[in-house]
Each structure stands twice: as C-alpha cells, then as structure tokens.
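This briefing concerns the strand arrangement of one protein model. Please consult the sequence and the coordinates alongside the points that follow.

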Amino acid sequence: MNTRRVLLVCDDLREFSFYGGMLSALGYDFVMCASFAEGARQIETEDFDFAIVSQGSAGFEGRCVLERAAER
C-alpha cells in the first residue's frame, strides 16, 4: 500500500495537534514545519502528495510555501 505524504506547515502549535491527529487517524505520513521558511525548504528537498499550509497573519506568510510548490 502506498502511503500519502503530507507537508503540514503552521505557526500555531495547536494546529499541529488538530491536523496531525486527523492525518494520523486517516493513515497519512506527514512532515510538520513550524515556520513558513522551513516549509518552503522542505518543498525543495522532498516530495509530497499535498500540503496543508496555514495562512499566517493578514499578510499570508504561508504563500511562500505554496509559490515554491507551484514552481517545483
């Protein structure tokens, strides 16, 4: 069985617990990143089936992760 890999990027540790628990229950493997810069680096070095990226503040700092994924 092929397990899906998920990149989980959020700057709020409470979101890790929520999303991590849900992904685990669904049988996904996931990598957690506590910063958007770290998430963007992970996109460069690893393959993921999809990503869950928090927005961050009103400036949407999480956008850098999504832009990197789109470029790749």
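**Strand pairing and sheet order**

Leu8 has Met32 of β2 as its bridge partner. From β1 to β2 the chain passes through helix α1 (residues 13-25), and this β-α-β crossover is right-handed. The model is predicted, and the points below are grouped by topic.

Sheet as a whole
- Three strands form an open sheet in the order β2-β1-β3, and their pairing is parallel.
- Strands β2 (29-33) and β3 (50-53) are at the edges with a single partner strand each, so one side of each lacks a neighbour in the sheet.
- From one strand to the next, the twist averages 20 degrees.

Pairing of β1
- Strand β1 pairs with β2 in the parallel sense, over five bridges.
- Strand β1 (residues 5-9) also runs parallel to β3, to which four bridges join it.
- On the β3 side, Val9 stands opposite Val53.

Burial of β1
- Four of the five residues of β1 are buried, and the strand is thus described as mostly covered.
- In a regular strand, side chains alternate between the two faces of the sheet.

- In the order β2-β1-β3, the link between β1 and β2 is made by helix α1 in a right-handed β-α-β crossover.

Terms used:
Residues are numbered from 1 along each chain as its sequence is written. This is a predicted model: local features need pLDDT of at least 70, side-chain atom pairs count only at pLDDT 80 or more; totals for chains, interfaces and linings use all residues. Side-chain values use heavy atoms; hydrogens and water are left out. Two strands pair if DSSP finds at least two bridges between them. Helices (H or I, at least four residues) and strands (E, at least two) are DSSP runs, numbered from the N terminus. Axes are lines fitted to C-alpha atoms, for helices over the stretch in contact, and angles run from 0 to 180 degrees between N-to-C directions. Buried means under 20% relative accessible area, exposed over 50%, partly exposed in between (1.4 Å probe, protein chains only). A crossover is right-handed if, with the strands pointing away from the viewer, the path from the first strand over the helix to the second runs clockwise.
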